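The paragraphs below walk through one structure, with the sequence and coordinates to hand. Please keep the viewer open while reading.

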Amino acid sequence: MERTNSLKAYAEAIKVIPGGVNSPVRALRSVGEAPLFIKKAKGTILTDVDDNQLIDFCLSWGVFILGHSHPQVNEAVKRAVDNGSSYGIPSLQETALARLVVDAFPSIEKVRFVNSGTEAVMSAVRVARGFTGRNVIVKFDGCYHGHADHLLVSAGSGVTNIGNSSSAGVPVDFTKYTVSLPYNDEEAVQTYFRENGEKVAAVVIEPVACNMGVVLPKDGFLKFLREITTKHGALLLFDEVITGFRLSLGGAQNRLGVIPDLTTIGKIVGGGFPAAAFGGRSDIMSQLAPDGPVYQAGTLSGNPVAMTAGIETVNLLSQNHFYSELETKSDGFIHELKEVIKGQGIQLNHIGSMFTLFFNERPVQNFADAKRSDQQRFARYFRSMLAHGIYVSPSQFEGNFLSQAHSQEQLEQVLNAISATLKKI
Ligand code: KE4
């Protein structure tokens with residue numbers, strides 16, 4: 001695979017950008033590759049600066065459920081830009097997207113837009129603390145909720161790969177109210193709440209984890225969290241930055257039937273533009289300035305361009321049969337994939353249009369399981385798939401995503417590449 005121009009671009013980038021990247025997971029350090037530099041993305045195809053064309057299964061970390069550069073989204077954004085990209089004053093587009101979010105998510109009566117998932121979760125945690133008057137946040141090992149200081153504890157995604165689960169530069173005092181427990185471990189939650197329940201502001205969870213790789217909640221686990229938080233006066237916060245608009249129009253909560261008090265969404269809701277959101281019960285969200293004492297703000301929050309991209313995207317997702325067609329395509333692919341990986345010492349965790357192949361002999365139900373995966377074998381898998389012209393998510397601790405744009409022919413190509421790869425690694 002020709003890499004000359006990407007390597008030249010990388011050599012230039014590292015002179016002026018730490019690690020040559022604006023987000024660590026793009027550095028491909030854990031898979032032993034230099035990062036690619038992309039110049040175009042259309043549908044499922046990434047074109048890099050060496051004119052390699054790659055089938056994309058990462059989709060900008062789950063953003064492009066419609067495929068990259070959807071013409072209807074792009075046309076609407078081009079029109080919106082001509083009317084100005086930000087006013088710092090309310091626009092009709094903000095209310096329009098807010099209405100779509102409120103109508104889609106069972107937990108959301110009011111919603112506020114921000115510019116990233118990190119901002120969304122950071123803000124939702126603050127409003128939970130403001131509403132309850134409590135400090136403790138319970139999270140789960142391997143879940144990643146963005147890079148706000150108090151949430152970089154036993155986190156997944158790119159934090160996993162740098163060899164520790166908390167970041168340098170975070171004073172111990174900043175995480176003293178953050179407790180991280182094993183995902184799917186009811187007993188650990190029960191024990192913690194028995195002794196500390198009245199101190200807990202919120203339990204924060206990825207209702208289907210994706211930042212340790214895809215890990216599903218055990219039957220009843222989310223319902224258990226709903227009950228124990230209610231019993232102790234704590235809030236339940238679903239971080240649906242990935243699963244929101246991915247697992248259904250109303251995210252994991254709509255698909256799995258457990259309704260939190262607060263929800264964060266990102267990625268898909270911005271249609272590929274910087275937008276995310278947090279929302280929930282009106283009585284909780286009314287704590288936010290200017291109505292209430294919890295401050296939260298943002299210069300470009302709700303800007304009309306990102307709102308337009310989100311509106312167009314959600315309207316396309318709302319069309320009849322979008323999710324049923326994506327599910328059918330995904331189910332067919334997963335069925336075939338199970339055949340390909342049989343007897344290969346690989347666990348396939350999947351739900352809807354997201355999945356992870358764990359190079360692991362044993363089931364993966366939490367972060368400790370995931371970390372026992374063979375990361376070197378995963379790295380060989382990634383490099384081989386790249387050589388076959390397929391860009392899978394570049395870490396064992398990430399999910400892979402199908403989109404409306406993936407054709408059956410491309411999916412067959414991917415399955416053949418996986419089959420050939422597994423024979424070599
Ligand atoms: P951002 O600040 O990256 O927009 O969102 C943070 C975030 C919050 N919550 C969940 C469940 C998330 O998955 C994320 C971000 N996801 C990672 C990939 N798993 C972003 C990729 C990156 O860090 O470059």
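This is a predicted model: local features need pLDDT of at least 70, side-chain atom pairs count only at pLDDT 80 or more; totals for chains, interfaces and linings use all residues.

Leu59 has a relative accessibility of 0%, so this residue counts as buried; the cut-off for that class is under 20%.

The relative accessible area of Asn184 is 7%, and because buried means under 20%, Asn184 falls in the buried class.

Another backbone feature is found at Ala289 and Pro290, which are joined by a cis peptide bond with omega at about 5 degrees. Pro290 is part of the loop that runs between helix 10 (282-285) and helix 11. Helix 10 itself contains Ile284, a residue that is buried at 0% relative accessibility.

The next topic is the nonpolar core. In general, nonpolar side chains of soluble globular proteins tend to be buried together. Here the largest nonpolar core has 65 residues. The residues with the most contacts inside this core include Phe57, Val101, Phe245 and Phe333, together with Leu337, Leu357 and Tyr391. Helix 11, residues 304-317, supplies the largest share of the core, namely eight residues. Both domain 1 (1-59) and domain 2 (71-317) give residues to the core, so the core lies between these two domains.

Now consider the ligand. Which residues come nearest to it? There are 17 residues around the ligand, and the nearest are Ser23, Thr118, Asn211, Asp239 and Glu398. By class, the shell is made up of five nonpolar, eight polar and four charged residues.

For Asn211, a polar side-chain atom is 2.4 Å from a ligand nitrogen. For Glu398, the distance from a polar side-chain atom to a nitrogen atom of the ligand is 2.8 Å. Tyr144 takes part through its backbone, with an N or O atom 3.4 Å from a nitrogen atom of the ligand. How much of the ligand's accessible area does the protein cover? On its own the ligand has 530 Å² of accessible area, and the protein covers 87% of that.

Ala27 lies in the loop between helix 1 (4-16) and strand 1 (38-42). With a relative accessibility of 5%, Ala27 is buried. From Ala27 to Lys371 the C-alpha distance is 20 Å, and the two are 344 residues apart in sequence.

Pro260 is in the loop that links helix 9 (251-256) to strand 9 (262-265). Pro260 has a relative accessible area of 4% and is therefore buried. The C-alpha atoms of Pro260 and His147 are 22 Å apart, with a sequence separation of 113 residues.

Methods
Residues are numbered from 1 along each chain as its sequence is written. Side-chain values use heavy atoms; hydrogens and water are left out. A residue is near a molecule or strand if one of its heavy atoms lies within 4 Å of it. A polar contact is a pair of N or O atoms within 3.5 Å; within protein, one must be able to donate a hydrogen and the other to accept it, and residues adjacent in sequence count only if both atoms are side-chain atoms. Accessible areas come from the Shrake-Rupley method with a 1.4 Å probe; for residues, only the protein chains shown count as cover. Ala, Val, Leu, Ile, Met, Phe, Trp, Tyr, Cys and Pro count as nonpolar, Asp, Glu, Lys and Arg as charged, and the others, Gly among them, as polar. A nonpolar core is a set of buried Ala, Val, Leu, Ile, Met, Phe, Trp, Tyr and Cys residues joined through side-chain atoms within 4.5 Å. Buried means under 20% relative accessible area, exposed over 50%, partly exposed in between (1.4 Å probe, protein chains only). Helices (H or I, at least four residues) and strands (E, at least two) are DSSP runs, numbered from the N terminus. Domain bounds come from an automatic or database domain assignment.
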